[in-house]
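Hi there,

Here is the structure I promised to pass on. Have a look at it first, and my notes follow below.

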Amino acid sequence: MRLEYLMQNDLPAIKEKKIPVVIPIGTMEYHGPHCALGCDTMVCQGVLEELEKRHEIVIAPPVWYGVASYAVGGPENGTVQIDVDVYENYIYHILKSMLYGGFKKIFLLIHHQFEEGSLMPMTLACMKAGKKVTMEYMEETRGRGWWGSNDMAGYYDNLSDPSENPFNWIRVLPAMAPSVQHATGYDHAGKFESSILKALYPDAVKLERIPESDAWFIQSAREASVELGAKMVKLSVDELEKIIV
């Protein structure tokens with residue numbers, strides 16, 4: 001299901017059944033002459049579309065612009081950089097509307113600077129926004145001292161149950177889990193990212209354009225293949241299935 005296509009009367013059943021709502025998080029960033037600028041977001045969107053074939057989920061509209069940084073290329077290369085504090089505030093307000101609106105199983109799926117599960121600025125901004133709005137929600141709905149009240153005596157016993165643990169209501173995940181990165185590989189616009197993007201959206205990769213640049217990080221893309229990308233997609237969806245569903 002796509003959130004933007006839902007009607008207001010569709011929402012109560014989704015909330016009651018706790019169907020996961022997933023927001024694809026990415027960037028508009030230079031990926032060499034051969035990969036689309038929206039690569040990161042498209043990878044998130046693509047793997048979610050594959051997960052949707054297996055299970056009922058709600059895919060929210062993507063956040064296309066993000067904390068890209070100009071580490072790879074400046075604005076003249078098509079990169080759009082959003083200041084991390086501005087970005088965090090924007091994500092905070094999205095999550096606030098969702099949480100206060102009754103959604104209690106929200107995921108932000110990221111494919112940008114998430115090698116080995118590292119916490120780079122954009123990931124940290126999403127995590128901070130999620131924890132901030134959760135703490136505010138709990139204080140407003142249950143009052144100050146909510147965690148210390150006797151009503152929470154079973155808190156540690158319920159940590160494994162996402163529906164009972166408020167700090168699991170909003171979670172930030174990599175589109176490619178570290179285990180998947182180890183099983184295949186991970187890069188920026190090289191062999192691996194070009195492969196997964198090509199498997200998901202063939203028209204978004206033009207391998208014949210690689211010779212237009214001598215940038216070191218794209219040269220391995222000559223070895224990219226749909227077969228490798230399909231493997232990366234399957235492994236990624238398998239891991240997301242375990243957590244999201």
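**Notes on a helix and its neighbours**

Ser236 is buried, as its relative accessible area is 0% (buried means under 20% relative accessible area, exposed over 50%, and partly exposed in between, with a 1.4 Å probe and protein chains only). Ser236 belongs to helix H7 (helices are DSSP runs of H or I with at least four residues, strands are runs of E with at least two, and both are numbered from the N terminus). Setting aside neighbours within four places in sequence, Ser236 is in contact with Val47, Ala175, Met176, Val180 and Ile196; contact means heavy atoms within 4.5 Å.

Before going further, please keep in mind that this is a predicted model, in which local features need pLDDT of at least 70, side-chain atom pairs count only at pLDDT 80 or more, and totals for chains, interfaces and linings use all residues. Residues are numbered from 1 along each chain as its sequence is written, and side-chain values use heavy atoms, with hydrogens and water left out.

Now to helix H2, which covers residues 39–52. Its 14 residues should span 20 Å at 1.5 Å a residue, and this agrees with the 20 Å between its end C-alpha atoms; the expected span is 1.5 Å times one less than the number of residues. H2 is mostly covered, with eleven of its 14 residues buried. Among them are Cys39, Met42, Val43, Val47 and Leu51. The cover over the buried residues of H2 includes strands S1 (21–25), S2 (58–59) and S3 (106–110), as well as helices H6 (191–200) and H7 (226–244).

How do H2 and H7 pack? Their axes are 9 Å apart, at an angle of about 65°; axes are lines fitted to C-alpha atoms, for helices over the stretch in contact, and angles run from 0 to 180 degrees between N-to-C directions. That makes H2 roughly perpendicular to H7 (65 to 115 degrees counts as roughly perpendicular, under 35 as roughly parallel, over 145 as roughly antiparallel, and the rest as oblique). On the H2 side, Val47, Glu50 and Leu51 make the contact, and on the H7 side Val233, Ser236, Val237, Leu240, Glu241 and Ile244 do. By class, this contact has six nonpolar, one polar and two charged residues; Ala, Val, Leu, Ile, Met, Phe, Trp, Tyr, Cys and Pro count as nonpolar, Asp, Glu, Lys and Arg as charged, and the others, Gly among them, as polar.

Leu51, in helix H2, counts as buried at 0% relative accessibility. Leu51 and Leu240 are 189 residues apart in sequence, and their C-alpha atoms are 7.8 Å apart in space. Apart from neighbours within four places in sequence, Leu51 is in contact with Ile57, Val237, Leu240, Glu241, Ile244 and Val245.

With H6, H2 packs at an angle of about 50°, and the axes are 9 Å apart. That makes H2 oblique to H6. The contact is made by Cys39, Asp40, Met42, Val43, Gly46, Val47 and Glu50 of H2, together with Glu193, Ile196, Leu197 and Leu200 of H6. Seven of these residues are nonpolar, one is polar and three are charged.

Finally, Ala36 sits in the loop between S1 and H2 and counts as partly exposed at 23% relative accessibility. Not counting residues up to four places away in sequence, Ala36 touches Glu29, His31, Met42, Leu197 and Ala204.

Best wishes
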